[in-house]
Amino acid sequence: MKVITANRLLDGEAVWLGANVTWVERLAFAEVYEGKEAVADALTVARQAEADQKIVGAYDMDVTVEDGVIAAKRLRERIRAAGPTTHPQLGKQSGLASA
């Protein structure tokens, strides 16, 4: 299983391709793709978003889904999803209690 991730060009925020071709700021809202064809189609959507200068650096990343919760397999991706490695009250992870 994979999701598509990138950085939003406007502010550098890590984003994931969600439902209805939207870019979401939380991994929990990402669309999960299974199979090479589905991933290739999603990457085509991402390449168009890059051409439209909405995002940069799009790629697919491996995830697991357990009890409806999407989790990145690699440590690097878990860090990107959690937010910057700063004090927990300062990064986007500070808003997780309200998410």
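The model is predicted: local features need pLDDT of at least 70 and side-chain atom pairs pLDDT 80 or more, while totals for chains, interfaces and linings use all residues. Residues are numbered from 1 along each chain as its sequence is written, and side-chain values use heavy atoms, with hydrogens and water left out.

**View 1. The span of helix α1 (residues 36-51).** Helices (H or I, at least four residues) and strands (E, at least two) are DSSP runs, numbered from the N terminus. The expected span, 1.5 Å times one less than the number of residues, is 22 Å for the 16 residues of α1, and agrees with the 22 Å between its end C-alpha atoms.

**View 2. The buried and exposed sides of α1.** V39, A42, L43, A46 and A49 are buried (under 20% relative accessible area; exposed is over 50%, partly exposed in between; 1.4 Å probe, protein chains only). These residues lie on the same side of α1 because they cover an arc of only 105 degrees around the axis, taken from the directions from the helix axis to the C-beta atoms. E37, T44 and A51, on the other side, are exposed.

**View 3. The salt bridge of D60 and K2.** A salt bridge places a side-chain nitrogen of Lys or Arg within 4 Å of a carboxyl oxygen of Asp or Glu; the structure holds 7. D60 and K2 meet at 3.0 Å, N to O. This pair links strand β4 with strand β1, 58 residues apart. D62 joins K2 and D60 in a network of salt bridges.
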